[in-house]
Amino acid sequence: MEISMNLNGEDITAEAEPRTLLVHFLRDNLGLTGTHWGCDTSNCGTCVVWVDEEPVKSCTHLAAMASGHRVKTVEGLETAEGLDPVQEGFIQCHGLQCGYCTPGMMMTARALLDKNPDPSEEVIREAISGQICRCTGYSTIIRSIQWAASKERETAVTLEGSPA
Amino acid sequence: MQVPAPFEYERATSVDHAIALMERLGDEARVVAGGHSLIPMMKLRLAMPEYLIDINDLVDELQYIRFTDTEVRIGALTRHQQLLESDELAAVFPIFRDAEKVIADPVVRNRGTLGGSLCQADPSEDLSAVCDALEASCVIRNTSGERVVEMHDFHRGPYETAVADGEMLTEVRIPIKPNSSSAYHKVERRAGDWAVASAGAAVTMDGDVIADGRVGLCAVGPNLTNVQPISDALRGQAPSEELYARVGEIAAANASPQTDTRGTAAYKTHLAKELAVRSLRVAVARATGQA
Ligand SMILES: Cc1cc2nc3c(=O)[nH]c(=O)nc-3n(C[C@H](O)[C@H](O)[C@H](O)COP(=O)(O)OP(=O)(O)OC[C@H]3O[C@@H](n4cnc5c(N)ncnc54)[C@H](O)[C@@H]3O)c2cc1C
Ligand code: FES
Ligand code: FES
């Protein structure tokens, strides 16, 4: 069947069987291997992408079900202005070691900060609780997300305070 | 790599459309809501529908939480996240927020639905115990109309419900009772996991005594979403620790868990007892304004 979606801001169309899972559609049909594929059982969260601004586990989502929707992957985080503050935070605070869990962690983090610009550590832990990292012990991931949050709040304050 | 067996995919444009498709296609067709139970089963080839009818576009018809003076009506496509976030729902039925906080994880909760949870009818499904404790009823629709089925008639056994081929669950109705409250307690091995065991309680007070009380257990055996002997033991009794302990004993006696990777049968039986006590204690405290 024909699957069309707005992917990272661009309209795309590709052929795939109805049974194709979104994670394989992205990685194999479209070559976007930023989204990782791990447990295959909706437990690890490395496959998290957005469908209509909401994080979902793409190993448990049919590509067909995403047709006609907006999908965003880790490749869509960077903009013309540069890396997303969440990506910068992961660099600044060693939010990754092997990097396997990172795309899913960053997509969930971005969605969290869009809803809640100043999340507590507890709120961050809850938001990423469906995602597994076997390297970092999570502390540096939490610090990375906090780094991004405070950077964005600073920027917001500067913009507000700047002369018209 | 786990991939479902081939199927044909169709998107329903209305509930009537979905039902017409199901009636025509019979038991070869399944609806998919959040897909977070069905797609894993299809990946394992435990389910191999020939036609998949996607109902996710039916937000207007099936996704809502509406209040009347006497009941709350929740559309089948309402997602876990919406049930968790609704302050109005938490105010009337705190058991929903208690349970939703510990159902799966936030990303799964973005997809999974009330209707999917009830129709999956897994004995570990938390919302079945919640809805039964609250004496909910289910609206089932087919081409000839609607019927309303009480929760205790809805579940026919593990993975079996009153929804027949060519039918859909469209709405869950929950009566609002004065002087009432509810609570849910669950033990899980790790964040986001299914219950080792859980219990939900709902009580209606009449002055100093419990006019009506219900406790449902989850993950400790089939068909325990409402334990009738517990309701019998609670009726007309003044709340006390002795009463809760008696209820705990009844819960343990009715539990028939199996030893698995989540825990031994003995441990789960212990949990059934302890969680029944805890959920009841909190439900009574809430109903009497002490919590
Ligand atoms: C990692 C993980 C952890 C989880 N942990 C928990 C947990 O702790 N507690 C818990 O309770 N659940 C848990 N779940 C299950 C989760 O709540 C599912 O979302 C839920 O069981 C099914 O809802 P769904 O909308 O995804 O249903 P689907 O998978 O879409 O459907 C399930 C079944 O119901 C049928 N169906 C769906 N909607 C209707 C309808 N309106 N009318 C008729 N039939 C319908 C489908 O045909 C299918 O047979 C977990 C799931 C995952 C993946
Ligand atoms: S690969 Fe999707 S959750 Fe692990
Ligand atoms: S960085 Fe290796 S799994 Fe998270």
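This is a predicted model: local features need pLDDT of at least 70, side-chain atom pairs count only at pLDDT 80 or more; totals for chains, interfaces and linings use all residues.
Colleague: Which way do β3(A) and β4(A) run, and how many bridges join them?

Modeller: They are antiparallel, with 4 bridges between them. Within that pairing, V51(A) has E54(A) of β4(A) as its bridge partner.

Colleague: What happens in the hairpin between the strands?

Modeller: The hairpin has 2 residues between β3(A) and β4(A), and D52(A) takes a positive phi near 50 degrees there.

Colleague: What stands opposite V51(A) in β5(A)?

Modeller: That residue is V71(A). Strand β5(A), residues 70–72, pairs with β3(A) in the antiparallel sense over 2 bridges.

Colleague: Turning to helix α1(A), which residues are buried?

Modeller: In α1(A), which spans residues 22–29, the buried residues include L22(A), V23(A), H24(A), F25(A) and L26(A).

Colleague: And what covers them?

Modeller: The cover includes β1, β2, β3 and α2 of chain A. After the helix comes G31(A), with a positive phi near 75 degrees.

Colleague: A change of topic: how much space lies in the second largest pocket?

Modeller: About 480 Å³. It is lined by 19 residues, and those closest to its centre are L112(A), E126(A), A127(A), Q81(B) and P106(B).

Colleague: Which elements give two or more residues to that lining?

Modeller: From chain A they are β4, α4 and α5, and from chain B they are α4 and α7.

Colleague: How do the lining residues divide?

Modeller: The lining of this pocket has 8 nonpolar, 4 polar and 7 charged residues.

Conventions
Residues are numbered from 1 along each chain as its sequence is written. Chains are lettered from A and ligands numbered from 1 in the order in which they are written. Side-chain values use heavy atoms; hydrogens and water are left out. Buried means under 20% relative accessible area, exposed over 50%, partly exposed in between (1.4 Å probe, protein chains only). Contact means heavy atoms within 4.5 Å. On a 1 Å grid over the protein atoms alone, a cavity is a set of points where a 1.4 Å probe fits but cannot get out, and a pocket is an open set with protein on both sides within 12 Å along at least five of seven lines; lining residues have an atom within 4 Å of a point. Grid points are joined across faces, edges and corners, and a volume is the space filled by probe spheres set on the points. Ala, Val, Leu, Ile, Met, Phe, Trp, Tyr, Cys and Pro count as nonpolar, Asp, Glu, Lys and Arg as charged, and the others, Gly among them, as polar. Two strands pair if DSSP finds at least two bridges between them.
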